[in-house]
2 protein chains.
Amino acid sequence: MPDVIAIVGGSGALGGGLARRCARAGLEVVIGSRDRARAEQAAASLLADMPHASVRGTDNSAAAALGDIVVVTVPFANQASILDEIGPRLAGKLVVDTTVPLMPPKVGRVQLPPAGSAALAARERLGEEIALVTAFHNLSAEKLGAEGDPGCDILVFGDDKDARERLIDLTTRLGLRGLHGGPLANAVAAEAMTSVLIAINRRYKVPGGAGLRITGLG
Amino acid sequence: MPDVIAIVGGSGALGGGLARRCARAGLEVVIGSRDRARAEQAAASLLADMPHASVRGTDNSAAAALGDIVVVTVPFANQASILDEIGPRLAGKLVVDTTVPLMPPKVGRVQLPPAGSAALAARERLGEEIALVTAFHNLSAEKLGAEGDPGCDILVFGDDKDARERLIDLTTRLGLRGLHGGPLANAVAAEAMTSVLIAINRRYKVPGGAGLRITGLG
């Protein structure tokens, strides 16, 4: 049985791109949204393109309950409240936080939160018992949703190596290259790099968005 | 007249790689070290390989005084004391800090300093009047010293766009691709990424060291 992937905040751009890639790979996808109707609409839109995909929409909390892997794709401003909301549903699951601490309007400037990073904020919020990794900080929603290899890497952070490995296996199934980036404390590198990529996109007008590649791995 | 490049801490690995690349590009290089004899030895070693290069060695403070561009390549633990030492020599120069806040023995784990980053620590130390950029965080000493294009990017951070541009021009002369990474506040991304690259090197046993490439720029 393949894992069920729940995407909390899955009606947003990043979550939508991830849902599309997961559905295309034949995974069972549950899209969550604060507004259940929006989630159902997002699911219907994916099914219109991929009639044989397994996708449904529901509210965030129900989506979290249904997923084996629960990916959180919400704006930083909503991270704490959403994690509090879905927290009781997360026992035994792998949680994948994708939050980047962008502080509008200056999203091209690194502004780290008091916890040090969104990853450490998530850890504080969820407690030590829940398996937590963070990833998907540096890939644009557009590239995530598109077909094929985007040529960028997915840095995966987490204090538990097996949990990281499980997400890296998922990235492989999705046609992406996931890499062990080290402990949760290291996630700040990828989170901060998102603002750098935004600054680069603005300055160099990068079509499709700049990405990050680790060189030397062959 | 081409710029004189002073490399403070230039008898170390990163500084030595940079000195080699600068000398090969025909730039006038002054290697600085706390130990003047070590700097002279490093210069002699480069001259043995490149007899027509313009390289000399002296102490850090004298090197800083001679450079138009002063690159600081010292361990984080020495950053504050070295900047204090050379500070009086830096008026009117472009200072390029390359410091990464690695805290041995856990250098594969991001551990940011109280100032938030080595870049912001340098700014505090030097004051607002001195032109400061930071760069060369993510390129291994080996790749920096080698011939040709390492296939990695040099992210350049600084609050003054013209100062960044001046260093990017230098990277171009060195056969490297420098990119505007945004303000000094953004340097934390590249600094933290160094620990991630160290973690990746250890885990994946990357020959020659992992590097960072920004994709999408053509």
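**Exercise 1. Work out how many residues of chain B are in contact with chain A, and which elements supply them.**

Step 1: Count. 34 residues of chain B are in contact with 34 residues of chain A, where contact puts two C-beta atoms, placed from the backbone, within 7 Å. This is a predicted model, with local features needing pLDDT of at least 70, side-chain atom pairs counting only at pLDDT 80 or more, and totals for chains, interfaces and linings using all residues. Residues are numbered from 1 along each chain as its sequence is written, and chains are lettered from A and ligands numbered from 1 in the order in which they are written.

Step 2: Find the elements. On chain B's side, strand E8 (177–182), helix H8 (187–204) and strand E9 (211–215) each give at least two residues; helices (H or I, at least four residues) and strands (E, at least two) are DSSP runs, numbered from the N terminus. H8(B) brings the largest share, 10 residues.

**Exercise 2. Find which residues of H4(B) are buried and which are exposed.**

Step 1: Look down the axis. The buried residues of H4(B) fall within an arc of 100°, taken from the directions from the helix axis to the C-beta atoms, so they line one face.

Step 2: Check the cover. Strand E1 (4–8) and helix H5 (118–126) of chain B are among what covers the buried residues of H4(B).

Definitions and conventions
A residue is buried if 20 or more other C-beta atoms lie within 10 Å of its own, exposed if 12 or fewer, and partly exposed in between; C-beta atoms are placed from the backbone.
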